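Reader: I would like to go through the labels attached to this model and hear what each one rests on. Please set the values against the cut-offs.

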Amino acid sequence: MNNRLNRVTLAGMLVTLGIVYGDIGTSPLYVMNAIIGDAGTMGQTSKEYIIGSISLIFWTLMIITTLKYVLIAMQADNNHEGGIFALYALVRRHAKWLIFPALIGGAALLADGTLTPAVTVTSAIEGLKNQHLGPIQFSNSQTDVLLITSTIILILFIIQRFGTGTIGRSFGPVMMVWFTFLAVSGIMNLAGYPEIIKALSPYYAIDILFSPANKVGIFILGSVFLATTGAEALYSDMGHVGKKNIYVTWPLVYASLFLNYLGQGAWVINHAQDAAYRNLGTVNPFYEMLPNSWRLFGIIIATLAAIIASQALITGSYTLADEAIGLKFLPRLIVKHPSNIKNQIYISQINWILCVITLGVVWYFQTSQHMEAAYGLAITVTMLMTTVLLSEFLSTKLKRPVAITISLFFGLIEAVFLGASLVKFIHGGYITLLIMLMILYIMWVWYFGNKRREHYERESEYVSLLDYRDQLEELTKDGSVPLYTTNLVYMTKIKGNYQIKRDAMYSILDKDPKRAKVYWFVTVNETNVPFESTYTVDMLETKNIINVQLYLGFRKSQSVSVYLHQIVDNLVEQGVLEPQVPKYTTMKGRKVGGFKFVIVNEQPADLVVSDEISPLDKRLIAGRIYLQNVTASPISWYGLEFSDVVEESSPLFIVLHKDDYLVQRKIYHSVDE
């Protein structure tokens with residue numbers, strides 16, 4: 001895999017075009033519309049305003065996308081994986097407080113995944129208004145746009161469960177056509193006002209921020225920022241396509257985007273005072289600048305590009321959620337692989353939550369122009385949080401003052417963009433914030449609820465497995481106790497000095513003793529290496545007690561049953577474990593006996609607390625256990641669907657003290673009694 005990612009090939013470049021650039025590649029559909037809206041109407045724009053705005057777009061793409069993400073962030077690869085969670089996994093050992101930017105940035109990025117499909121597909125379908133497509137004539141009704149948009153989005157979410165490997169192979173060629181179309185249509189209109197090429201100079205970008213021609217001042221950056229909203233994807237998708245393919249394709253994509261923006265700007269300048277446009281506050285130059293004979297093709301290719309962008313955000317959300325689960329930021333969710341493509345996953349709960357929220361956004365805002373008010377805010381927050389984490393990474397490669405200077409440079413620019421985006425808060429930005437806070441709340445409860453639970457756990461709740469070796473060895477040999485199973489497996493965490501929760505030993509020894517030939521205690525440890533799958537085996541100087549430590553990367557599925565059978569086979573072949581040839585079997589040459597897995601579940605109803613625990617901690621712990629019990633079952637999470645599993649309930653006792661005020665009441669009986 002590493003060799004493939006380190007090579008630049010035509011096929012790799014096509015895949016990169018199809019996977020990486022969907023979001024940023026569809027920005028010409030709505031950015032200029034937002035900039036015209038900031039001016040008020042088309043007629044209120046000026047040459048100075050348009051040239052300055054496009055200059056801002058050019059330098060935003062240069063500084064944020066090219067310099068920060070392509071040239072700097074992509075150096076922070078975690079075993080070829082990128083993205084905010086991969087970056088956090090790389091630097092989290094440096095300081096505990098880094099958990100906060102990771103959680104905030106991840107929540108904001110997941111929130112962005114609900115907005116991108118809504119705004120891109122709506123923008124593309126709005127081009128159908130008043131169009132004649134053969135015998136079909138589309139009306140000017142926004143309701144028709146909403147119905148078509150909703151249908152496309154719903155179909156897109158429905159097909160996710162079947163995998164998109166087949167249609168995914170066409171994404172690259174379609175996006176290549178799309179970027180070619182952007183460049184050609186931009187050049188055609190650029191020729192009508194070649195002076196707009198002045199936008200390449202940073203002078204015009206700075207000048208327009210303070211010019212009276214710009215009525216909204218620095219807040220124009222809120223609209224300009226929409227041009228770079230897909231920049232995070234370049235870093236996040238690095239593991240799918242390899243950084244070299246991004247290095248080669250990004251200059252071509254950048255050129256295509258900017259040529260189209262130049263063409264749109266030239267068209268606006270030439271037609272700003274036309275009677276048909278000058279009083280309009282909502283104009284989409286992308287479609288308007290196309291010749292009539294090109295319009296139908298433009299709508300079709302724009303819709304396909306919008307669908308591809310939406311698909312990229314949906315699958316990106318699955319990957320992000322999967323990484324969050326591995327890092328214990330989100331509750332356990334069932335991750336499926338619907339096709340034979342290694343990196344393609346499907347998470348049903350995430351899929352339908354995204355679908356409902358995306359459709360809600362479409363019908364709440366009604367038009368792409370209104371959606372733009374909410375769009376961009378979340379990704380600005382993510383970029384800021386990425387910069388914070390990136391500063392820690394740079395500190396390991398450069399002198400700290402240099403790393404801080406670089407981080408402050410990007411941080412200040414992104415803070416300005418965030419401030420500019422916040423001005424749209426009352427116009428729709430609050431929806432973004434609401435979605436982000438809901439996701440952040442779940443992450444907060446899950447992560448810190450677990451931390452607080454561990455903090456309050458008493459030492460008496462743990463026992464040393466070493467203290468029970470003799471009893472377990474004796475139980476194995478005790479023929480008076482019926483054999484429960486050959487291999488008895490407990491999914492429980494073993495800490496240092498073989499400390500294990502008492503409820504596991506209580507289950508074996510006190511709840512009708514469970515006699516087995518071998519007792520397995522399996523601990524699953526998440527690691528920083530995305531696809532790591534290693535293990536250690538400790539026999540505790542016995543023949544029937546085995547401590548297995550599984551080390552799985554945060555992108556690796558936890559198919560414990562598969563791993564454990566492989567471990568047993570290896571131990572038998574090595575002579576470490578005696579063969580367990582069953583008396584009856586359909587498998588010739590079988591050397592391993594039966595397995596029974598025991599999972600002990602904590603019940604929130606049995607949560608016992610003391611007054612020493614703060615109300616906040618009580619809510620965090622109870623909320624964490626509630627989420628654990630309403631999401632994926634341990635059977636599905638550990639990949640034990642086809643295994644023999646026993647689930648037992650256990651109360652969670654936290655800081656349970658003796659009541660010094662409890663006294664015996666004396667009862668006196670009369671002589672007659």
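Author: Ring pairs join Tyr21, Phe58, Trp59, Phe179, Trp250, Tyr254 and Phe258 into a cluster. The model is a predicted one, where local features need pLDDT of at least 70 and side-chain atom pairs count only at pLDDT 80 or more, while totals for chains, interfaces and linings use all residues. Residues are numbered from 1 along each chain as its sequence is written, and side-chain values use heavy atoms, with hydrogens and water left out.

Reader: What makes two rings a pair?

Author: Rings of Phe, Tyr and Trp (its six-membered ring) pair if their centres lie within 6.5 Å; planes under 30 degrees apart count as stacked, over 60 as edge-to-face, and the rest as tilted. By this rule there are 27 aromatic pairs. One of them is formed by Trp178 and Phe286, with centres 5.5 Å apart and planes at 45°.

Reader: Where in the chain do Trp178 and Phe286 lie?

Author: Trp178 is in helix H10 (residues 171-190) and Phe286 in helix H16 (residues 285-288), 108 residues apart, and the pair links distant parts of the chain. Helices (H or I, at least four residues) and strands (E, at least two) are DSSP runs, numbered from the N terminus.

Reader: How do you know whether Trp178 is buried or exposed?

Author: Buried means under 20% relative accessible area, exposed over 50%, and partly exposed in between (1.4 Å probe, protein chains only). Trp178 has 0%, under the 20% limit, so Trp178 is buried. Phe286 also has 0% and is therefore buried.

Reader: What kind of pair do Tyr203 and Tyr204 form?

Author: Their centres are 5.2 Å apart and their planes at 80°, which is over 60, so the pair of Tyr203 and Tyr204 is edge-to-face. At 53% Tyr203 is over the 50% limit and therefore exposed. Tyr204, at 25%, falls between the limits, so Tyr204 counts as partly exposed.

Reader: Let us turn to charges. How do you know that Glu414 and Lys68 form a salt bridge?

Author: A salt bridge is a side-chain nitrogen of Lys or Arg within 4 Å of a carboxyl oxygen of Asp or Glu. For Glu414 and Lys68 the N to O distance is 2.6 Å, within 4 Å, so the pair qualifies. Glu414 sits in helix H21 (residues 400-422) and Lys68 in helix H5 (residues 47-72), and the pair links distant parts of the chain, 346 residues apart. Both Glu414 and Lys68 are buried.

Reader: How many salt bridges does a search of the whole structure find?

Author: The search finds six salt bridges. Among them is the one between Lys243 and Asp77, at 3.4 Å from N to O. Lys243 is in helix H15 (residues 243-271) and Asp77 in the loop between H5 and helix H6 (84-91), so this bridge ties together parts 166 residues apart in sequence. Asp77 has a relative accessible area of 24%, between the limits, and is therefore partly exposed.

Reader: Why is the contact of Lys198 with Glu195 called a salt bridge?

Author: The closest N and O atoms are 2.9 Å apart, within 4 Å, so Lys198 and Glu195 meet the rule. Lys198 is partly exposed at 28%, and Glu195 is partly exposed at 40%.

Reader: What makes a surface patch?

Author: Patches are made of residues with over 30% relative accessible area and no salt bridge; like charges are joined within 9 Å and nonpolar side chains (Val, Leu, Ile, Met, Phe, Trp, Tyr) within 5 Å. Accessible areas come from the Shrake-Rupley method with a 1.4 Å probe; for residues, only the protein chains shown count as cover.

Reader: Which residues make the nonpolar surface patch of about 390 Å²?

Author: Leu154, Ile158, Phe162 and Trp352 make this patch. Phe162 lies in the loop between helix H8 (142-158) and helix H9 (165-168). At 57%, Phe162 is over the 50% limit and therefore counts as exposed.

Reader: Which residues gather in the patch of positive charge?

Author: Lys96, Lys451, Lys493 and Lys495 gather there, on the surface. Lys and Arg count as positive and Asp and Glu as negative, while His and the chain ends are not counted. The place of a charge is taken as NZ of Lys, CZ of Arg, CG of Asp or CD of Glu. Lys495 lies in the loop between strand E4 (483-491) and strand E5 (499-501). With 35%, Lys495 is partly exposed.
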